[in-house]
Amino acid sequence: MDSPFILVNLKTYQEGMGSNAHRIAAAAETVARETGAVIGIAPVFTEIHPMSHHYAIPVYAQHIDAIAPGAHTGHILPEAVRSAGARGTLINHSERRLTLADIDACVQAARRLHLESVVCTNNDATSAAAAALRPDYVAIEPPELIGSGVSVSKADPGIIERSVNAVRAVNPDVKVLTGAGIQSGECVKIAVDLGTCGVLLASSVVKADDPEAVLRDLVSLL
Ligand SMILES: O=C[C@H](O)COP(=O)(O)O
């Protein structure tokens with residue numbers, strides 16, 4: 001199996017912007033290099049280019065819009081994300097929900113541009129629906145646990161297991177991530193043991209006084 005994937009979403013936390021975002025990216029780069037873990041980061045859009053050019057870690061957009069180049073204003077153009085150096089993009093995050101048609105169009109745009117697609121879902125039924133769109137990843141996150149400090153791995157392992165099974169039944173090539181409240185190596189190990197290939201997380205790293213220590217703990221049991 002490939003090394004588990006730790007994807008850190010900086011969201012729009014104040015702590016995930018400016019110099020602290022670079023501190024987190026540098027910590028991710030160090031921990032990834034020393035441990036062999038794959039650690040990606042999803043900063044605010046304006047940081048995609050600097051981060052993808054300064055750090056040897058994969059950088060992801062937090063969102064794209066299903067638009068083609070042309071007369072659109074205030075949208076996130078997938079081509080711009082690609083040329084800024086992103087490896088991939090989140091789609092349909094719980095804090096940026098889309099219609100099913102838009103999710104499909106975003107996955108297709110990502111595929112056309114060779115961007116990895118990470119479609120976020122909220123339960124096993126939507127995980128199955130997302131898998132039918134053939135993204136690279138489905139990331140199951142119970143919304144009520146996001147940012148709660150309570151880990152999905154411990155509070156609701158059943159939703160992880162059911163989502164892994166639902167995705168496999170639809171398309172076994174689609175990899176599964178899970179997230180919400182992930183904060184320790186134990187959380188990551190439970191998620192991986194349940195069949196995911198890694199985790200999507202934010203607050204435990206972004207708000208930490210010592211993000212490098214948290215990242216080291218996250219990969220410590222792999
Ligand atoms: O994108 C990340 C997820 O929404 C999880 O956020 P959290 O780790 O703060 O619960």
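A polar contact is a pair of N or O atoms within 3.5 Å; within protein, one must be able to donate a hydrogen and the other to accept it, and residues adjacent in sequence count only if both atoms are side-chain atoms. Keep that in mind as we walk through this predicted model, where local features need pLDDT of at least 70, side-chain atom pairs count only at pLDDT 80 or more, and totals for chains, interfaces and linings use all residues. Residues are numbered from 1 along each chain as its sequence is written, and side-chain values use heavy atoms, with hydrogens and water left out.

Let us start at the ligand. A polar side-chain atom of Lys11 lies 2.9 Å from one of the ligand's oxygen atoms. A polar backbone atom of Gly147 is 2.7 Å from a ligand oxygen, and an N or O atom in the side chain of Ser203 is 2.5 Å from a ligand oxygen. Taken alone, the ligand exposes 310 Å², and the protein buries 100% of that (accessible areas come from the Shrake-Rupley method with a 1.4 Å probe).

The residues surrounding the ligand (those with a heavy atom within 4 Å of it) include Asn9, His93, Glu141 and Ala180.

Most residues other than glycine have a negative phi. In Ala180, however, phi is positive, near 115°, and this residue is found in the loop between β7 (175–179) and α8 (185–193). Helices (H or I, at least four residues) and strands (E, at least two) are DSSP runs, numbered from the N terminus. Arg134 also has a positive phi, near 60°, and lies in the loop between α5 (124–131) and β6 (137–140).

Finally, turn to the rings. There are two aromatic pairs, counted when ring centres of Phe, Tyr and Trp (its six-membered ring) lie within 6.5 Å; planes under 30 degrees apart are stacked, over 60 edge-to-face and the rest tilted. Phe5 and Tyr60 form a tilted pair, 5.7 Å centre to centre with 45° between the planes. Phe5 lies in strand β1 (residues 5–9) and Tyr60 in strand β3 (residues 60–61), so this pair ties together parts 55 residues apart in sequence.
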